[in-house]
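Here's a quick briefing for anyone meeting this chain for the first time. Have a look at the sequence and the 3D view, then read on.

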Amino acid sequence: MTGRGCVVKKKKRRKQRRVSLLNYAATGDIPAYQLRSPNSGLAQSIVMAASPGTMQNPQPQHAEEITRKREVRLMKNREAARECRRKKKEYVKCLENRVAVLENQNKTLIEELKALKDIYCHKAE
């Protein structure tokens with residue numbers, strides 16, 4: 001926090017590619033994915049080959065890795081959310097302090113204006 005005001009910097013997010021499932025090939029065992037860049041409307045199709053068994057029943061190690069990655073992602077997300085809430089509280093507190101300072105300044109200026117008006121009115125008489 002600074003004396004003059006609150007400054008909050010926002011992080012720039014990396015551009016990510018979006019993956020959308022198109023459909024299965026005629027045999028039903030080869031999934032096709034489409035990679036689409038957010039900036040361009042061009043899509044690149046990629047066909048990934050896999051045996052039917054691996055698509056329906058992933059290997060235990062693979063499932064454990066997916067679960068581990070999910071847990072890590074959820075943990076990182078919780079930390080990011082906690083940090084975001086902390087920054088928001090700090091920002092709101094800073095704004096409340098700024099409002100208090102401006103209200104006091106406004107009150108002082110109004111009193112000064114009244115005093116100057118009284119002096120001006122008395123001199124005019």
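Of the contacts in the chain with a separation of 6 or more, 21% are between residues 24 or more positions apart (a contact means heavy atoms within 4.5 Å). Keep in mind that this is a predicted model: local features need pLDDT of at least 70, side-chain atom pairs count only at pLDDT 80 or more, and totals for chains, interfaces and linings use all residues. Residues are numbered from 1 along each chain as its sequence is written, and side-chain values use heavy atoms, with hydrogens and water left out.

**Overall layout**

- The chain has 2 helices and 3 strands, taken as DSSP runs numbered from the N terminus (helices are H or I, at least four residues; strands are E, at least two).

**Surface and burial**

- Of the 125 residues in the chain, 5% are buried (buried means under 20% relative accessible area, exposed over 50%, and partly exposed in between, with a 1.4 Å probe and protein chains only).
- The chain exposes about 12100 Å², with 55% of that coming from carbon and sulfur atoms; accessible areas come from the Shrake-Rupley method with a 1.4 Å probe, and for residues only the protein chains shown count as cover.

**A nonpolar patch**

- Y91, V92 and L95 make up a nonpolar patch on the surface, and together they have about 230 Å² of accessible area.
- Patch members have over 30% relative accessible area and no salt bridge; like charges are joined within 9 Å, and nonpolar side chains (Val, Leu, Ile, Met, Phe, Trp, Tyr) within 5 Å.
- V92 sits in helix α2, which covers residues 60-124, and V92 counts as partly exposed because its relative accessibility is 36%.

**Salt bridges**

- Side chains of opposite charge can pair when their charged atoms come close.
- The count comes to 5 salt bridges, where a side-chain nitrogen of Lys or Arg must be within 4 Å of a carboxyl oxygen of Asp or Glu.
- E83, R86 and E90 are linked in a network of these bridges.
- In the E83 to R86 pair, the closest N and O atoms are 2.5 Å apart; the two are 3 residues apart in helix α2, so about one helical turn separates them.
- R86 also pairs with E90, with closest N and O atoms 3.2 Å apart, and these two lie 4 residues apart in helix α2, about one turn of the helix.
- Another salt bridge joins the side chains of R70 and E71, at 4.0 Å from N to O.
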